[in-house]
Amino acid sequence: MSTKFIKVVTDFHNKPYGRYVTDGPGCDLTSGEVFRKKILAPALRQYDEVSVDLTGYNRYGRSFLDEAFGGLIREEGFTKSDLLPRLTYKHDLIPSIEKLIDDRVDAAERERVS
């Protein structure tokens, strides 16, 4: 079984920000959309398991997390049941970020099935 470990602040950007590339200057490098399209979704297609470490940055916006993780369901064709056994995420200092991702994945799944 193959596992991909992603540390957001070193493998993506040290200050992730924004939902879409069009949200403002620099968002073409920092947005949840870019993280999902260039790093997270390809990793889920290539590896059996993907583990995302969000530690190292403490100001993740809801919009970034929603687009990155909820967008896997809305935009990339995954379902919650696809993701549950294969995708893990953590923030060592702020566990509420994990809860927020759970909420965004749940909301995207509700939209998908309705």
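## Basis of the model

Two strands are taken as paired if DSSP finds at least two bridges between them; helices (H or I, at least four residues) and strands (E, at least two) are DSSP runs, numbered from the N terminus. The model is predicted, so local features need pLDDT of at least 70 and side-chain atom pairs count only at pLDDT 80 or more, while totals for chains, interfaces and linings use all residues. Residues are numbered from 1 along each chain as its sequence is written, and side-chain values use heavy atoms, with hydrogens and water left out.

## Strand pairing

The protein contains 6 helices and 3 strands, in the order β-α-α-α-β-α-α-β-α from the N terminus. Strand E1 (residues 3-7) runs parallel to strand E2 (residues 49-53), joined by 5 bridges; Thr3 has Glu49 of E2 as its bridge partner.

E2 also pairs in the parallel sense with strand E3 (residues 87-90), over 4 bridges. In this pairing, Ser51 stands opposite Thr88 of E3.

## Helix H6

Helix H6 (residues 96-113) has 18 residues. Its buried residues (under 20% relative accessible area, 1.4 Å probe, protein chains only) include Ile97, Leu100, Arg104 and Glu109. The buried residues of H6 pack against helix H4 (62-74), helix H5 (80-83) and E3, where contact means heavy atoms within 4.5 Å.

## Overall fold

Of the 114 residues of the protein, 46% count as buried. Among contacts between residues at least 6 apart in sequence, 69% join residues at least 24 apart. The C-alpha atoms fill a box of roughly 35 × 30 × 25 Å along the principal axes.

Methods. The expected span of a helix is 1.5 Å times one less than its number of residues. Buried means under 20% relative accessible area, exposed over 50%, partly exposed in between (1.4 Å probe, protein chains only).
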